[in-house]
Amino acid sequence: QVQLVESGGGLVQSGGSLRLSCAASGSIFSIYTMGWYRQGLGNQRELVAITHSGGSTNYADSVKGRFAISRTSAKNTVDLQMNSLKPEDTDVYYCYVRGTERLLGTPQDYWGQGTQVTVSS
């Protein structure tokens with residue numbers, strides 16, 4: 001089994017900063033992609049930021065210039081530094097990993113349990 005453990009959510013005032021962290025452990029063999037999604041009540045889960053094994057990254061337009069994703073491959077961790085937070089950033093944030101559990105295995109998608117981020121105005 002693969003486990004994703006998230007930390008770092010919480011309550012912050014508008015304009016403040018938070019840093020989310022996610023660590024993948026268990027039977028993960030190879031990781032291709034790590035990232036963060038978010039989902040509000042009644043909404044679809046949407047991409048926030050993602051980083052691929054080759055080093056490329058993608059961000060949602062709404063967070064460009066404010067959020068930064070970083071990955072430590074040796075530790076199977078991914079962080080999301082969130083600056084200049086706005087009330088509309090309030091959501092549950094989910095860590096995402098796409099990887100395999102063995103050599104030449106079929107890539108699978110894994111999700112963390114979610115961490116709440118609340119930005120007050």
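Student: How many disulfides does the count come to?

Tutor: We're looking at a predicted model, where local features need pLDDT of at least 70, side-chain atom pairs count only at pLDDT 80 or more, and totals for chains, interfaces and linings use all residues. Residues are numbered from 1 along each chain as its sequence is written, and side-chain values use heavy atoms, with hydrogens and water left out. Taking a disulfide as a pair of cysteine sulfur atoms within 2.5 Å, the count comes to one.

Student: Which cysteines form the disulfide, and which parts does the pair tie together?

Tutor: The sulfur atoms of C22 and C95 sit 2.0 Å apart. Strands here are DSSP runs (E, at least two residues), numbered from the N terminus. C22 lies in strand 3 and C95 in strand 9, so the pair ties together parts 73 residues apart in sequence.

Student: Is C95 buried or exposed?

Tutor: Buried means under 20% relative accessible area, exposed over 50%, and partly exposed in between (1.4 Å probe, protein chains only). The relative accessible area of C95 is 0%, so C95 is buried.

Student: Which strands stand at the edges of the open sheet?

Tutor: Four strands make up this open sheet, in the order 1-3-8-7 with antiparallel pairing; two strands pair if DSSP finds at least two bridges between them.

Student: What is the bridge partner of V2?

Tutor: Strand 1 and strand 3 pair in the antiparallel sense over six bridges. Look in strand 3 for the partner of V2: G26.
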